Amino acid sequence: MRDFLKELGLSGVNSGVCAKGWVERPGGDELTSYSPVDAEPIGKILQANEEDYARVMDVATETFDTWRMVPAPRRGEIVRQMGEELRKYKRPLGQLISWEMGKVLSEGEGEVQEAIDIADFAVGLSRQLYGLSMHSERPQHRMYEQWHPLGPIGIITAFNFPVAVWAWNAMIAAVCGDTMVWKPSSKTPLCAIAVQHLCNRVMKANDCEGVFNLVVGRGSSVGELLINDGRVPLISATGSCHMGRRIGEAVAKRLSRALLELGGNNAIIVEPDANMDVALPGVAFGAVGTAGQRCTSTRRLFLHKSIAEEFTNRLVKAYESIPAGDPLEKDTLLGPLIDQGAVDDMMDALKQVRAEGGEILTGGKRMERKGFFVEPTIVKARPDMKIVQEETFAPILYVFEYENLDEAIAMQNGVRQGLSSSIFTDSFMGAEKFLSASGSDCGIANVNIGTSGAEIGGAFGGEKETGGGREAGSDSWKLYMRRQTCTLNWSPELPLAQGVKFDLD
Ligand code: UN1
């Protein structure tokens, strides 16, 4: 057994259900977690069945009654300790993320850093859950708004950010006074179990277990119960547009709140006046980083026709020297895809590329080695190809040429998704046009930075089929609380608003 597994308290067989302590023998099917690096099993997980789910949700619901009354700065202090615990385990947790998900170690550790950052942010936020106060139109009246905790919330996360995206939700929800039930991806259950061990230590020491709860289980049983549970006022979910539509419908049916962070089809525009030495690594990291398995990964590249040939040649050359292999090795830049299904999806997309007349400039094949490694791929594409409308979770980059910036912006906006977008330019006018109301239609718009790797301080999410949700920084916390508008009358009269009279006599 690898040292980092032991260090994180994982064993050969692990319970995947935790509600005020681990449920020793959950009743669901046994799940095996495989490393995408060598396709070998890492550990077994006992999943939740429907009764286990009920138990977990009961705990989250009961704990909410007490947790919501803990002063927010005190909740912040406990989240501060969570941040400390994550700092202590940054290395082994980063290694586990690399091994179970496949991203390279600096990204695995970067992901833990992202969780630490959001914990720090949440600590400060715990003293800043501000409401506004307004001037009442009536004499001797006071009007203000306050924010109260929302309830036991559901967090559904994807395999590609098995720790950070949970942390975006969990650290904020905890300071807001919510309890939570986390359903992680069945592709990365050990990351979730390792994080739950850290939570348990901190919460036990503070005598407030039951705030962070975990339920590893099937989407078709546990996932359905969670999204349809009338006790859950907010479902925050990250995943495909297909999954998000299912969740959005279920949550809308019971008139609750869904925070959806779904697929992207992110593009970079490179203007002729860009600093090409900045643009080139920006594009390469965006498209090849995390093997193209970020929702923010760069999938489309728009090159001005005057620089297209040279830029493409340089990019092809760079792609051909990207070191692929064991993500735990220091110099590796490209790890594997998550599983065989992901390799099949990539190969199917490339089949469609060929059928639609796209030209594969480099890559296009599975690598001859253990695990789920694929060659990073560049395709010379046309905007009318249907496949470029789809998000394929793999390192495929579609390259297009354009003549002027308006055309490039229109093409970049011409997809159903709206998560992240970038322009590389040294022109103030070009940058401002891209950022204007008639520019990028995405939730994230960057200048001289690639599409991925957002900081936690901003609100993260996107428009159109990306789902409209916002997580992490800025004022995203408001989605995790309920707003109450309060009007107090301290006069001896009962004046009515809008001058309405109701004199009894
Ligand atoms: C995701 O892929 O779901 O901006 C999240 C980024 C990361 C988060 C990605 N900070 O690429």
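Modeller: Contact means heavy atoms within 4.5 Å. This is a predicted model. By that cut-off, 29 residues of domain 1 are in contact with 26 residues of domain 2.

Colleague: What area do domain 1 and domain 2 bury between them?

Modeller: About 2100 Å². Of this, 66% is on carbon and sulfur atoms. On the domain 1 side, Pro36, Val104 and Glu107 lose the most area to domain 2. Together they make up 23% of what that side buries.

Colleague: Why is the pair of arginine 294 and glutamate 107 called a salt bridge?

Modeller: A salt bridge needs a side-chain nitrogen of Lys or Arg within 4 Å of a carboxyl oxygen of Asp or Glu. Here the N to O distance is 3.1 Å. The pair therefore meets the cut-off. The count between domain 1 and domain 2 is three salt bridges. Eight residue pairs are in polar contact between domain 1 and domain 2, both residues at pLDDT 80 or more.

Colleague: Which elements give two or more residues to the side of domain 1 that touches domain 2?

Modeller: Helix 4 (90-101) and helix 5 (105-125). The largest share, six residues, comes from helix 5. By residue type, that side of domain 1 divides into 14 nonpolar, six polar and nine charged.

Colleague: Why is phenylalanine 302 called buried?

Modeller: Buried means under 20% relative accessible area. Phenylalanine 302 has 1%, so the word applies. Phenylalanine 302 is found in strand 13 (residues 298-304).

Colleague: What is phenylalanine 302 in contact with, leaving aside its neighbours within four places in sequence?

Modeller: Ala267, Ile268, Ile269, Val270, Phe400, Tyr402, Met411 and Gln412.

Colleague: How far is the C-alpha atom of phenylalanine 302 from that of leucine 494?

Modeller: The two C-alpha atoms are separated by 64 Å. Along the chain, phenylalanine 302 and leucine 494 are 192 residues apart.

Colleague: What makes asparagine 200 buried?

Modeller: Its relative accessible area is 16%. The cut-off for buried is under 20%, so asparagine 200 qualifies. Asparagine 200 has its place in helix 7 (residues 189-205). Leaving aside neighbours within four places in sequence, asparagine 200 is in contact with Cys18 and Trp22.

Notes. Residues are numbered from 1 along each chain as its sequence is written. This is a predicted model: local features need pLDDT of at least 70, side-chain atom pairs count only at pLDDT 80 or more; totals for chains, interfaces and linings use all residues. Side-chain values use heavy atoms; hydrogens and water are left out. Buried area is the accessible area (1.4 Å probe) that two parts lose on being put together, summed over both. A polar contact is a pair of N or O atoms within 3.5 Å; within protein, one must be able to donate a hydrogen and the other to accept it, and residues adjacent in sequence count only if both atoms are side-chain atoms. Helices (H or I, at least four residues) and strands (E, at least two) are DSSP runs, numbered from the N terminus. Ala, Val, Leu, Ile, Met, Phe, Trp, Tyr, Cys and Pro count as nonpolar, Asp, Glu, Lys and Arg as charged, and the others, Gly among them, as polar. Buried means under 20% relative accessible area, exposed over 50%, partly exposed in between (1.4 Å probe, protein chains only).
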